[in-house]
Amino acid sequence: MTLCSRCQNFDIYTFRQGGFEYRGYPLDGLLQSVEADCSFCTLLFEHLLSTENGWKANHLWMTMRKKSKKTDSGQWKLFGDSVGQFIKWFSSQIRPPWVHFYVRRGRYIEPPSDDERQPLNIKALGAYISTGRDKMQRDGKTERAVWFHLSADPGTPAYISGDITGQLRASNRTGIELDFNAIRTWHKRCRLNHPKCRATLSGSETFNVEAVSLPSRCIHIETENREVKECTLLETQGKTGKYIALSHRWSADTEAVRTLKENYDCRTKKCTTPSCQGCKTPMATTLFKHAWELAAKLGVKYVWIDSLCIIQDDADDWKRESAKMADYYQHAWLTVAATRTRNDGGLFGELETKDLARVTRLPYRDRHGSQKGYFYLQCPGGKAISRDYKNAVSRSELLRRGWVYQEWLLSRRILAFADFGLFLHCETGYPKSLSGDDVRFIRDNEDVDEWRSSESPDKSFKSSFTPNLSSLKNIASSWRKVIEEYSRLELTKLTEDRLVALSGIASEYGRAVEVQQRKNPVTNNDGETLRYTYVCGSWFPEIGDLLWQQVETGPRIRAKGMPTWCWASMGTTLTTVAGNEVLSGLAVRWSDSHSSTAESVLEEFVRVPVDHGDLRPVFDLTDGYIPDNIYGNDGRFAVLGISGRLIQTQLHGLFVDDDDRTAAANITGRGLNFGREMWRRVTTIETPGLIAGWASVEHPDFQTDVACEQSGPIFALVASVDRKVGGGWLLGNLSPHLTAYGVLYLRPVQVPGFASRDRDCYERIGVGKLFGGEVDTMYAVTDASRVWLV
């Protein structure tokens, strides 16, 4: 390995403890060393360059342009491209840019017995470009530092002295002892230093993850020298301990090893039948075996896997256990997320040698300045790590599944698998590689808007969702964000699982609601205390929860046994990369203005039992019905009694072009740009030739222009009013403001057993906004009436 003169004279003791933290090379000198083929400078340059993501307003690019004497190139014009480039150029003329080095140290270690000095204990070397030496002055809006992991061969002076204490990734296989050591170390630091990771999502409970109540059943792993000896399905009967939970996609292999009534006694060692076929049914897939091996290596005796620990053909057992999902995932010592599996379906396997990060070396000099061999440096590459995480974790098939959303959100600590390594993630900070590198948000040409340094890109980053549970209003607002993420996800059993797969998170929000009901109750205009209640996927009395809107085009499917006003009642189909159609929830969002006020009032709701055979609501049995679990399928149907004003409207075809849609959005104060391609024109009955608003219609019966035109009068229930929309002059008003009405579009329906009790029942067909003088007049002359939404 060729080294330039600077690298040949590199002295690690310039980073002695208590000394000045930063050292470095002039950037211009680094580029000269790259031309001279210095191995360390070349590797350093490549990684510094990769962190810029094509951003030209930085010292590295401008120094390169200066050296190549291409300052007049079309790619970069000093005063033409941006003010940022000029500022960088000007500052570099005053203070030439440097590549600054600084270090990370390991935990305290005892000095060698024959030497009382404190070792350097350096495990990583960082580098960044700046004209200053303060670490807050790093180049650009994001932290563009690169990190090299440091290591020394055992028995060498650098190793014996305790000066170099890091480790490199030298194996091309995952699941080695180095990996398990890294997981144990990370977990211990998390337990000791992260209070947030010791509390449930609602914050209502803190717990010691080393000694929690075990799930009703676990796989008990008997080991010998941390190798799996035997695995048994165990009824825990109130035992405490620690366990690992597995989050995975079901497959044909999973179906073949499920725990059923016929093999339950066999798996719990209760079977006494000779030559029993159930005892011959295998209990492990390759994935499950690897999960057990991982637990054994980490010193954990128990593993919880839903397909094995819940009796899959026992409806009562499944109902009981699914209600405990929140506790099972929150209390897990670790959740193993099978975001990427190998060809055999397992978690561990071989990596291609080319996927290992390159290694270089620098001379090691002791505290007297004498060279005593070398130490090694390896940079995994921040962008490469983030790209691997993005492709294998964020975009994994696992995280497209509805059931997995709550498993991910509720789990306090997660181990995820990628193409080139493993990632650790807890409630505090960013995901990390096993070597300790943070996964950062990167910008690239593929999705410029998705990966920004200033905001979290998706739900796989736990920091992207921190629920605000400080008040009842904030809880309701936070819940809508949960629904916006969850609603678009895939479910094999859409009708049966739509609400159940979210029940764990809902129950945690319920605990937060109970706390705030006691501490900070909300009252109405009459001074009466409002009770927040979970009803079919929404928190009422928040009437705004009804104003959800569809986001994407596609087929519309109505899930049986759920009310039409509920976001969970709507589904669609998606086409996978392989060309297969899969069932998915309909993606929804909310967009109501913060300046709007609620107009309709939820006066009561009636829970309705559902026949679990055909999922038909049984309206004749509503009197006195109280579901066993309001978060599960027992509470999946309710009728809402709402007091509000009804305005007759007529639906028409889609808006002709973007200009019309944009005008309708501006007039009604609708700022967010989603779902507009599905907007339909709306008029009043009195003035059918004048546009009075827009409608986003999700009802399966109203997906064509003909169906809408022939529907006859549709009623608009005014749910909210915004009197400060700045579109008045667009309509020729003397005032710059106009009033926009947030509405639910309804049609009358007959409900045998319920409507017969002098109740006017309606079903939801869509949502939208109305505006204009004709609507103002109709609103003013219309009295509120009671409507029942089914």
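**Cavities and a sheet**

Mentor: β34 contributes three residues to the lining of the largest cavity, the most of any element. A cavity is a set of 1 Å grid points over the protein atoms alone where a 1.4 Å probe fits but cannot get out, and lining residues have an atom within 4 Å of a point. Strands are DSSP E runs of at least two residues, numbered from the N terminus. The model is predicted, with local features needing pLDDT of at least 70 and side-chain atom pairs 80 or more, while totals for chains, interfaces and linings use all residues. Numbering starts from 1 along each chain as its sequence is written, and side-chain values use heavy atoms, without hydrogens and water.

Trainee: Which residues lie nearest the centre of the largest cavity?

Mentor: They are L547, S591, V767, G768 and K769, out of ten lining residues. Two elements, β33 (738-748) and β34 (761-770), each give two or more residues to this lining.

Trainee: What is the strand order in the open sheet of eight strands?

Mentor: Strands pair if DSSP finds at least two bridges between them. The order is β7-β6-β10-β9-β11-β14-β15-β16, and the pairing is mixed. At the edges, β7 (227-235) and β16 (432-433) each pair on one side only.

Trainee: In which sense do β9 and β10 pair?

Mentor: Strand β9 (residues 243-247) runs parallel to strand β10 (residues 302-304), over three bridges. Opposite Y243 stands Y302 in β10.

How values were computed:
On a 1 Å grid over the protein atoms alone, a cavity is a set of points where a 1.4 Å probe fits but cannot get out, and a pocket is an open set with protein on both sides within 12 Å along at least five of seven lines; lining residues have an atom within 4 Å of a point. Helices (H or I, at least four residues) and strands (E, at least two) are DSSP runs, numbered from the N terminus.
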